[in-house]
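Subject: Structure handover

Hi,

Here is the structure you asked for. Please load it first, then read my notes below.

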Amino acid sequence: MSTGAETSTYSARQIGRVRDLLTRLHAVRRAAQFYPAVHPSVTEGIAELREVIDKFHSEGVEVSLALCEGEVLFGEQSMPQESILFDQLIREITALGVGTIEISRGYRPDELERAIAILASDVLDVEQHGGIERMGAEAGLSYVRLGAVRAFERLEEGEFDAERARESYEGAVELVREIDDIVRRNRVVGSGRIKGVVRSLVDNVVSSRETMLELTGLKSHDEYTFYHSANVAILSLALGSAITDDYRFLSSLGTGALLHDLGKMTVDLEILNKPGALTPAEWNEVRNHSVSGARTASRIRGLDKSAIVIILEHHMRFDGSGYPARTPRRPQHLASRIVAVADAYDAMTSRRSYSAARVHDEAMELLVRSAGTALDPALVRLFVTMMGVYPPRSVVRLSDGSTAIVLRPNASDPLRPVIRMIADADGSMLSEPVEVDLGASSGQDIVRCLDPADLNIDVDGYVL
Ligand SMILES: [Fe+2]
């Protein structure tokens, strides 16, 4: 896949043109399957495809398509809608073993013709030639490249940027918002968008865990479910990626984590937000959300089956004393145990109508107290190590009484992160916040975490 600067952002018009590119590719490939290369359906199809390729090239954009697990990417940009629309094309091309199609500036028309002929061949042909890359080499392709299906690959350092992390996060929130709307209208959700969003979350968490973890500090009281779902997905993926880099596992984990509370979307909001104690009937309805969520998820065509297990088991508790009860008792799946830790942490650190948000160190203490009963003790230990004592966005009090916001951890000393001082000891806000690396200065210590809501501090204003 191309890694040049052109992969980072495209204009809306260019993104729209990708659909045109795929439509023309699909058409000419079909034509080439039925007619000889000299037939007008093929030659005209090639000419139409060239038109759109040349338009990209004239704007300095390389044409680079990646196909993987039912999804299509243009450059590094996920194309969720096109992944659904061109599902058949993607499946047929990946069945040939083609994972990438790249067309560079300077390509010759006859080279494109040969590439289309290869894409129009059948699986047996490709196998007999020893694979797609060998076939391309034999056809003398150089500016048009057909790459083999590749396994999940970590992004190189430098390819990642904070803006993309933010887009990925917002994409996840938006997706849950849309799913909520669809489920409330009793309609069936499609799995294509879900796969695109999860892939983007996995890529971003694996390539820059800290930046993604920083985003989980974003909370919304009004849209709790949507932000909570995105946060649980990121926290789960961060914890999961500390255990394995197996893409399939992480992908199922991310999907289950993002949809873990799918069943709550059909529970009455008045019950979910009720400040007082629930009646037994209301409590039953809430408890039923894991079973009803798993049932809804099982109706999503193409959704990973392990994600359904996570939705079903996320309240089962490590010791099996939660719900739904399973007879005979079965141990909670590893992925469900991971999601349970992430769910507990994010719920505790969010403000709800029935409880205030807990500060980070308090939440960590409660997690440790639940280790061995509600939560897997090994995962809790790993989570505490991963999140550090003072994670990014924590508001902290320093030993001289001043206030600061944690920006990023210090790998060598978890107690001394890089901070931004925002108020002095008497509480007056600094007109110019000052960044201090506590690891490099010996003067101050962090005494404790503070609740930004108590101090009326807008953390986003200081860290973003
Ligand atoms: Fe839940």
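S431 sits in strand 9, residues 429-437. I also checked S431 against I118. The two are 313 residues apart in sequence. In space, their C-alpha atoms are 64 Å apart. Keep in mind that this is a predicted model.

Overall picture

The chain has 464 residues, and 40% of them count as buried. Its secondary structure comes to 21 helices and 10 strands. The C-alpha trace spans about 80 × 55 × 35 Å along its principal axes. Take the contacts between residues at least 6 apart in sequence: 67% of these join residues at least 24 apart.

Domains

The domain assignment gives three entries: domain 1 (5-148), domain 2 (162-387) and domain 3 (395-463). The centres of domain 1 and domain 2, taken over C-alpha atoms, are separated by 37 Å. Their contact involves 8 residues from domain 1 and 7 residues from domain 2. On the domain 1 side, helix 3 (residues 80-85) gives the largest share, with 3 residues. By type, that side of domain 1 divides into 2 nonpolar, 3 polar and 3 charged residues.

Helix 4

Which residues of helix 4 are buried? Helix 4 covers residues 87-95, and its buried residues are L89, I90, E92 and I93. Note the glutamate, E92, in that list. The helices are helix 1 (12-34), helix 3 and helix 5 (109-119). The strands are strand 1 (63-68), strand 2 (71-74) and strand 4 (98-103). After helix 4 comes G97, which has a positive phi, near 95°.

Helix 8 and helix 11

Helix 8 (residues 162-184) packs on helix 11 (residues 224-241) at an angle of about 130°. The axes are 8 Å apart. That angle makes helix 8 oblique to helix 11. The crossing is right-handed. From helix 8, the contact uses Y169, A172, V173, V176, R177 and D180. From helix 11, it uses T225, F226, Y227, S229, A230 and A233. The contact residues divide into 8 nonpolar, 2 polar and 2 charged.

Helix 17 and helix 19

What is the angle at which helix 17 and helix 19 cross? Helix 17 (residues 334-348) and helix 19 (residues 377-387) cross at roughly 50°, and their axes come within 10 Å. That makes helix 17 oblique to helix 19. Helix 17 passes helix 19 in a right-handed crossing. On the helix 17 side, the contact residues are R337, I338, V341 and Y345. Helix 19 meets them with L379, V380 and F383. This contact has 6 nonpolar residues, no polar ones and 1 charged.

To recap the helix pairs: helix 8 is oblique to helix 11, and helix 17 is oblique to helix 19. Each crossing is right-handed.

Best regards

Conventions
Residues numbered from 1 in each chain as written. Predicted model: local features only at pLDDT ≥ 70, side-chain atom pairs only at ≥ 80, totals over all residues. Axes fitted to C-alpha atoms, helices over the stretch in contact; angles between N-to-C directions. Helix = DSSP H or I, 4+ residues; strand = E, 2+ residues; numbered from the N terminus. Parallel < 35°, antiparallel > 145°, perpendicular 65-115°, else oblique. Left-handed = near helix turned anticlockwise from the far one by under 90°. Contact = placed C-beta atoms within 7 Å. Nonpolar A, V, L, I, M, F, W, Y, C, P; charged D, E, K, R; others polar. Domains from an automatic or database assignment. Buried ≥ 20, exposed ≤ 12 C-beta atoms within 10 Å, placed from the backbone.
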